[in-house]
Amino acid sequence: MSIDLLARLEEEKNQWLHKAMDRFKEEFTCFDGKTVFTPENQIMQMKSIHRQNNLDLDRMEKEIKLIKDSIEEEEQVYQHLTKAVQYLQEDIIHYERLLSELATIQLEKFNCLLHTKFEFDSKKDQVVFKDRKTTRLIEGFNEVESEMAEFYRKQLDENERKLARIFRDTAPDTSFEFQSNPQASSLSLKHGRGLDQYIVLKHFEEDYRIVADTLNENNMLVYEYYINQLNHVKQIGKRDLLQQSAAKKEQHQMASEKAAELQEQKRQKELSLAALEEQLTRAIWEQNQELERLQKLDEFLKEEFVEAVSKWQVKLFGEQTPDEERWLYHQYSQLILKQAERIIGNEHF
C-alpha cells in the first residue's frame with residue numbers, strides 16, 4: 001500500500017503546477033505554451049526574464065538620465081560659446097574700425113604763403129616799394145617758419161591723441177612719441193647788405209625767391225621728417241592690430257566650429273533620446289503586461305497549491321490514515337511547500 005501511495009504522490013506532486021500552467025495558457029492565449037521545459041523550469045524562466053527586463057528598464061532609465069544630463073551640460077557650454085562668439089565678433093568689428101581709423105590719420109602738408117606777408121601793387125603785380133626791405137623778408141621768413149612749426153605741432157598733437165585712443169586697449173605697447181628736431185636750412189640772402197631798403201627791384205626779387213625757395217625746402221624737409229615717423233608708427237600699429245584681429249578671428253572660427261559641433265551632437269543625442277524614450281515607453285508597457293500575467297500566474301499557483309495541499313491534509317489528519325501514510329503525506333506536503341516557496345516566493349508563505 002505505501003509503495004502505491006508513494007508512486008501516486010510522486011506523480012501528483014507536480015500536478016498543481018501543470019494545472020496552474022494550463023489555466024494560465026488558457027487565459028492568455030497569446031502565450032506560447034509550446035516548451036520543452038518542465039512547468040517549474042518554465043515558470044522560473046519567465047520570472048527570470050521578468051527580473052532581467054526590470055534590470056534592462058533600470059539601465060535604460062539611467063542611460064536616458066545620462067543623455068539628458070549630457071545634453072544639459074553641453075547646452076550650457078554651447079550658451080557660453082555663443083556668447084564668446086558674439087564677443088569675439090564684436091572685438092573683430094572693433095579692430096576693423098580701429099584699422100579704418102588708423103588709415104584716416106594723415107599729415108597735411110603746410111602751404112608756404114609768403115606773399116601774404118607783403119603788400120602787392122595790383123597794377124604792376126609786384127611788392128610795393130615800402131615792403132622791399134631786408135627786414136621785411138627776414139620777418140616774413142620767420143613768421144612763415146613759425147606758422148609752419150605751429151601747423152605741424154597741432155597736427156602731431158591731434159594725431160598723438162588719436163593714436164593713443166586707438167592703441168590704448170588693443171596695443172598698449174605700441175610707441176608713438178614723435179621726435180621734434182627736424183633739420184632745416186637757414187636763410188642766406190644774396191643781396192640786402194648795407195641799406196635795409198632794396199633800391200634795385202631785381203635784387204629784391206632774387207632775395208624774395210631765395211626766401212620762398214628756402215621756406216619750401218624747409219617745408220618739404222619738415223613734412224618728410226614727420227610723415228616718415230607717422231607712417232612708421234602707423235605700420236607698427238597696423239601690424240599689431242592685424243595680429244590681434246587675426247588671433248580673434250582664429251578664436252572666433254574655433255568657437256563657431258565647436259558651437260556647431262555641439263549643436264550637431266545635441267541633435268544626434270536628442271534623436272537617440274527620443275528613440276530610447278519611445279523604446280522605454282514600449283518596454284514599460286510590455287513589462288507591466290508581463291507583470292499582470294505573472295501576478296495572475298502566481299494567483300493560479302497559490303490556488304492550485306492550496307487545493308493540492310488541502311487534499312493531502314485531509315488524508316494527513318484523517319483518523320483512518322495509517323501512520324506510515326500520514327508520514328508520507330506530511331513529507332510530500334513539506335516537499336511541495338518548499339517547491340511553492342521557491343517558485344511563488346517566500347513572502348506568500
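**View 1. The largest pocket of this predicted model has a volume of about 240 Å³.** A pocket here is an open set of points on a 1 Å grid over the protein atoms alone, where a 1.4 Å probe fits, with protein on both sides within 12 Å along at least five of seven lines, and lining residues have an atom within 4 Å of a point; the volume is the space filled by probe spheres set on the points, which are joined across faces, edges and corners. The model is predicted, with local features needing pLDDT of at least 70 and side-chain atom pairs pLDDT 80 or more, whereas totals for chains, interfaces and linings use all residues. Residues are numbered from 1 along each chain as its sequence is written, and side-chain values use heavy atoms, leaving out hydrogens and water.

**View 2. Helix α5 (201-316) gives the most to the lining of the largest pocket, with six residues.** Helices are DSSP runs (H or I, at least four residues) numbered from the N terminus, and α1 (2-12) and α2 (15-27) each supply at least two lining residues as well. Among the residues of the lining are Arg 8, Trp 16, Glu 304, Trp 312 and Tyr 329.

**View 3. His 191 is placed in the loop between α4 (134-167) and α5.** His 191 counts as buried because its relative accessibility is 18%, buried meaning under 20% relative accessible area (1.4 Å probe, protein chains only), exposed over 50% and partly exposed in between. Beyond residues up to four places away in sequence, His 191 touches Tyr 198, His 203, Glu 206 and Asp 207, a contact being heavy atoms within 4.5 Å.

**View 4. His 330 lies in helix α6 (residues 323-343).** With 35% relative accessibility, His 330 counts as partly exposed.
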